[in-house]
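Subject: Structure for your reading

Dear colleague,

Please find below the structure that I am handing over to you.

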Amino acid sequence: MSTIELTKENFDQVVSDNDFVLIDFWASWCGPCLRFAPVYEKASERHPDLVFAKVDTEAQQELAAAFDIQSIPTLMIVRENVAVFAQPGALPEPVLEDVIGQARELDMDAVRKAIDEAEAGDRAPGAPGGDH
């Protein structure tokens, strides 16, 4: 499967319509981005059940800013509308495969529960700590 070019116009729909989306934030002038591109493309062929997408940070500066992309390439994985991985750097093929495997194995109910608990803690100023 070839990669999808994400823009501010289609980003929300692609992410919300798919349970597992890998996003490569890149730019055409970026040497590491260009070296990572074939690794990413091969992974997309090995995992046709996943959505592989790219964001050109030059053309989509608003998207890059929205995700606070400071360094490219940055790989982000979104599962069920939750960003579960985001890391800058051109990953070697075995590392990319490992990251995909780990993201596949995540228990998303547990991830959502952890997020809810963290957000509840943030909303409760002065809440007692864990030293009971």
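Predicted model: local features only at pLDDT ≥ 70, side-chain atom pairs only at ≥ 80, totals over all residues.

Residues are numbered from 1 along each chain as its sequence is written, and side-chain values use heavy atoms, with hydrogens and water left out.

A disulfide is a covalent bond between the sulfur atoms of two cysteines. The structure holds one disulfide (a pair of cysteine sulfur atoms within 2.5 Å). It joins Cys30 and Cys33, whose sulfur atoms are 2.4 Å apart. The link is right-handed, with 80 degrees about the S-S bond. Cys30 is buried, at a relative accessible area of 4%, and Cys33 is buried at 2% (buried means under 20% relative accessible area, with a 1.4 Å probe and protein chains only).

Five strands form an open sheet of mixed pairing, in the order 1-3-2-4-5. Strands are DSSP runs of E with at least two residues, and helices are runs of H or I with at least four, numbered from the N terminus; two strands pair if DSSP finds at least two bridges between them. Strand 1 (4–5) and strand 5 (82–88) each have a single partner strand, so one side of each lacks a neighbour in the sheet. Strand 4 (residues 74–79) runs antiparallel to strand 5, joined by six bridges. Met76 stands opposite Ala86 in strand 5.

Yours sincerely

Definitions and conventions: Buried < 20%, exposed > 50% of the residue type's maximum accessible area, 1.4 Å probe, protein only.
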